[in-house]
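Thanks for making time this morning. I would like to walk you through one model, going from the whole chain down to a few individual residues.

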Amino acid sequence: PSDYILLTAEPTPLTEYLRKLWKFRNMIGVFALQEIKVSYAQTKLGALWLVMKPLLVLALFTFVFGRIIKIYPYALFAFTGLFPWNYFSFLVGNGSNALISNQQLIRKIYFPRMVLPLAKVLVGLLEVGVSLIIMFALMAIYDFPFTLKLLWLPGFLLLNIITGLGIALWLNALNLRYRDLNQFIPYFINFIIWLTPVFYPSTLVPDEYGFLLYANPMAGIIELYRWAIMDDVFPSAWYLIAFAEVVLIFISGVLLFIRIEDDIADYL
């Protein structure tokens, strides 16, 4: 009997859903591996693009902004904002349509649908791992010390994940009913980057507009990364506002996703 999944019309309690998710945990890795293979199967450089993509973007940022923003070394400064932002934008941009892009699979077999956005977390982590190697190389090149603060990086990465994943879970639920939203998401991400200190320091933002930073969870997360990597000033306590938002969005996103899961087939 334990090998069967009972489907009912009643909303699944959180603890029961998490048990189901754990039972199907291997599917997360299977979907992630499949996406990684497909992403690089038709390219001549293959997995080398994992290294080339962040380096090309970093080179562009350094060329355009490195002469304007006088921070040394600008390449390391920019990269500490670039790789967490890239991971966030990947989770939101690709994770938000995980249900719609797999609708044929959803119609055929049962599995907890949260497996699909969770697989995006693993796919993005591969590029994060490569980016961290590049970052450590930049630290060595510019003779930045490897301090105990770096031990905080896994915690900051977890904040990075729940920020992007929480928004992605919400958007998956909304995308089912409002398909136009999926067209808006890329523009939203491209706009928000200008309100996030990815390629510029937060000190450039006037005090009267500080609320734009303190309400932006990615701004606080990037500041934390820079504190650990470049020994910057510890982020302002005002960023706790954004981190509280992160927790609220993530928990409510999980609960909403579970609530609408049984109705997903009606919208696909």
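**Charges, fold and a few loop residues**

Let me begin with charge: the mean positions of the 18 positive and 17 negative charges of the protein chain are 10 Å apart, where Lys and Arg count as positive and Asp and Glu as negative, with His and the chain ends not counted, and where the place of a charge is NZ of Lys, CZ of Arg, CG of Asp or CD of Glu. Please keep in mind that this is a predicted model, in which local features need pLDDT of at least 70 and side-chain atom pairs count only at pLDDT 80 or more, while totals for chains, interfaces and linings use all residues. Residues are numbered from 1 along each chain as its sequence is written, and side-chain values use heavy atoms, with hydrogens and water left out.

Now to the fold. The protein chain has twelve helices and zero strands, these being DSSP runs numbered from the N terminus (H or I of at least four residues for helices, E of at least two for strands). For 268 residues a compact globule would have a radius of gyration near 18 Å, and the 20 Å of the protein chain agrees with that; the radius is taken over C-alpha atoms, and the globule rule is 2.2 Å times the number of residues to the power 0.38. Along its principal axes, the C-alpha trace spans about 60 × 45 × 40 Å.

Buried residues account for 46% of the 268, where buried means under 20% relative accessible area, exposed over 50%, and partly exposed in between, with a 1.4 Å probe and protein chains only. Of the contacts (heavy atoms within 4.5 Å) between residues at least 6 apart in sequence, 78% join residues at least 24 apart.

Let me turn to the loops, starting with Asn 216. Is Asn 216 buried or exposed? Asn 216, which lies in the loop between helix H9 (210-214) and helix H10 (217-230), is buried, because its relative accessible area is 10%. Its side chain makes a polar contact with the side chain of Thr 196 at 2.8 Å; by a polar contact I mean a pair of N or O atoms within 3.5 Å, where within protein one must be able to donate a hydrogen and the other to accept it, and where residues adjacent in sequence count only if both atoms are side-chain atoms. A polar atom of the Asn 216 side chain also lies 3.1 Å from the backbone nitrogen of Met 218. Setting aside residues up to four places away in sequence, Asn 216 touches Ile 192, Leu 195, Thr 196 and Ala 242.

The next loop, between H10 and helix H11 (240-261), holds Asp 232, which counts as partly exposed at 31% relative accessibility. Beyond its neighbours within four places in sequence, Asp 232 is in contact with Arg 226 and Trp 227.

Finally, some backbone geometry. Most residues other than glycine have a negative phi, and most peptide bonds are trans. Asp 231, in the loop between H10 and H11, has a positive phi of about 60° although it is not a glycine, and Asp 231 is exposed at 55% relative accessibility. Asp 143, in the loop between helix H6 (115-141) and helix H7 (153-177), likewise has a positive phi of about 60°, and its relative accessible area of 68% makes Asp 143 exposed. A cis peptide bond, with omega about -10°, joins Tyr 72 and Pro 73, and Pro 73 sits in the loop between helix H3 (49-65) and helix H4 (74-95).
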